[in-house]
Amino acid sequence: MNALAERILNVKEAAESRRSIRQYKSDPIPREKLEEILSLALKAPSANNLQPWRIVVVQDPELKERLREAAHNQSQVSAAPAVLVLYSDMKDTLDHVEEVFHPNFTPEEVAARAERARILWASRSSQEREAWGAGQVYILLGYLMLLLKAYGYDSNPIGGFNPTKVKELLGLPEHVAIAALLPTGVAAEEGYSHHRHLLNRVVQWR
Ligand SMILES: Cc1cc2nc3c(=O)[nH]c(=O)nc-3n(C[C@H](O)[C@H](O)[C@H](O)COP(=O)(O)O)c2cc1C
């Protein structure tokens, strides 16, 4: 927890107070804190427990500067002390799919499930697979934003970037799908207050 946060916020408090923050203090997030937050975020659920998400933590100032250029020069990318780059890698996921099955399964069950998963996904193009994977990555993104807030750090999800440039900069394979950049750190502004649809505009009860 950084010096500004006296305690870890509960989920309600984090959801109520999280806003996109685009100006940051230079204070770094200690590595062990980031590891704690990331470990908790990795509890997020995914379909069939595939966990196709992969994350690059960028703290190097020069690399952040290059990432900012790849993100239409959005200044929060280089202003934040850390930028989490969240992407899907379904190829890696399926190549090692045995890893995701629960240890309670017997080796025969694991082998059968792995075979079924590979057959199921073989009929889809790499692009379709990664687009599906990116949908799972957004679940992780939601968890991360709330956890960061709970621990006293703000963030700004970013979808406005050139994925080819981001992959080049980070040396990521062409097939992966970059879901979002997430600059994060200690806020140096308040951000906008929430402006949201009312419940009845978006929820139907049957
Ligand atoms: C998937 C996604 C992509 C976004 N892309 C950008 C972006 O490229 N630049 C930016 O400044 N904000 C971006 N935002 C932030 C939204 O504008 C912001 O979440 C929304 O206006 C609600 O404001 P709040 O986050 O302060 O509650 C993005 C948000 C999401 C969820």
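Student: In what sense do S1 and S2 pair, and over how many bridges?

Tutor: S1 and S2 pair in the antiparallel sense, over six bridges. Strands are DSSP runs of E with at least two residues, helices are DSSP runs of H or I with at least four residues, and both are numbered from the N terminus. Two strands count as paired if DSSP finds at least two bridges between them; with six bridges, S1 and S2 are a pair.

Student: What should I know about the origin of the coordinates and the numbering?

Tutor: The model is predicted: local features need pLDDT of at least 70, side-chain atom pairs count only at pLDDT 80 or more, and totals for chains, interfaces and linings use all residues. Residues are numbered from 1 along each chain as its sequence is written, and side-chain values use heavy atoms, with hydrogens and water left out.

Student: What makes S3 and S4 a pair?

Tutor: DSSP gives two bridges between strand S3 (residues 154-155) and S4, in the antiparallel sense. The requirement is at least two bridges, so the pair qualifies. Serine 155 has threonine 184 of S4 as its bridge partner.

Student: Which strand pairs with S4 over seven bridges?

Tutor: Strand S2 (residues 82-88) does, again in the antiparallel sense. Within that pairing, leucine 84 is bridged to leucine 182 of S4.

Student: In what order do the strands form the sheet, and which are called edge strands?

Tutor: Four strands form an open sheet in the order S1-S2-S4-S3, with antiparallel pairing. Strand S1 (53-58) and S3 are the edge strands, as each pairs on one side only.

Student: Why is strand S4 called largely enclosed?

Tutor: A residue is buried under 20% relative accessible area, exposed over 50%, and partly exposed in between, using a 1.4 Å probe and protein chains only. Nine of the nine residues of strand S4 (residues 177-185) are buried, so S4 is largely enclosed by the rest of the structure.

Student: Why does aspartate 154 count as buried?

Tutor: Its relative accessibility is 8%, which is under the 20% limit, so aspartate 154 is buried. This residue belongs to strand S3.

Student: How do you know that aspartate 154 and lysine 149 make a polar contact?

Tutor: A polar contact is a pair of N or O atoms within 3.5 Å; within protein, one must be able to donate a hydrogen and the other to accept it, and residues adjacent in sequence count only if both atoms are side-chain atoms. The side chains of aspartate 154 and lysine 149 are joined at 3.0 Å, so the distance meets the limit.

Student: Is arginine 31 buried or exposed?

Tutor: Arginine 31 is exposed, with a relative accessible area of 62%; the threshold is over 50%, so the term applies. Arginine 31 is found in helix H2 (residues 31-41).

Student: Which residues are closest to the ligand?

Tutor: Ser20, Arg22, Gln74, Gly159 and Arg196 are the closest of the 13 residues that surround the ligand. A residue belongs to this shell if one of its heavy atoms lies within 4 Å.
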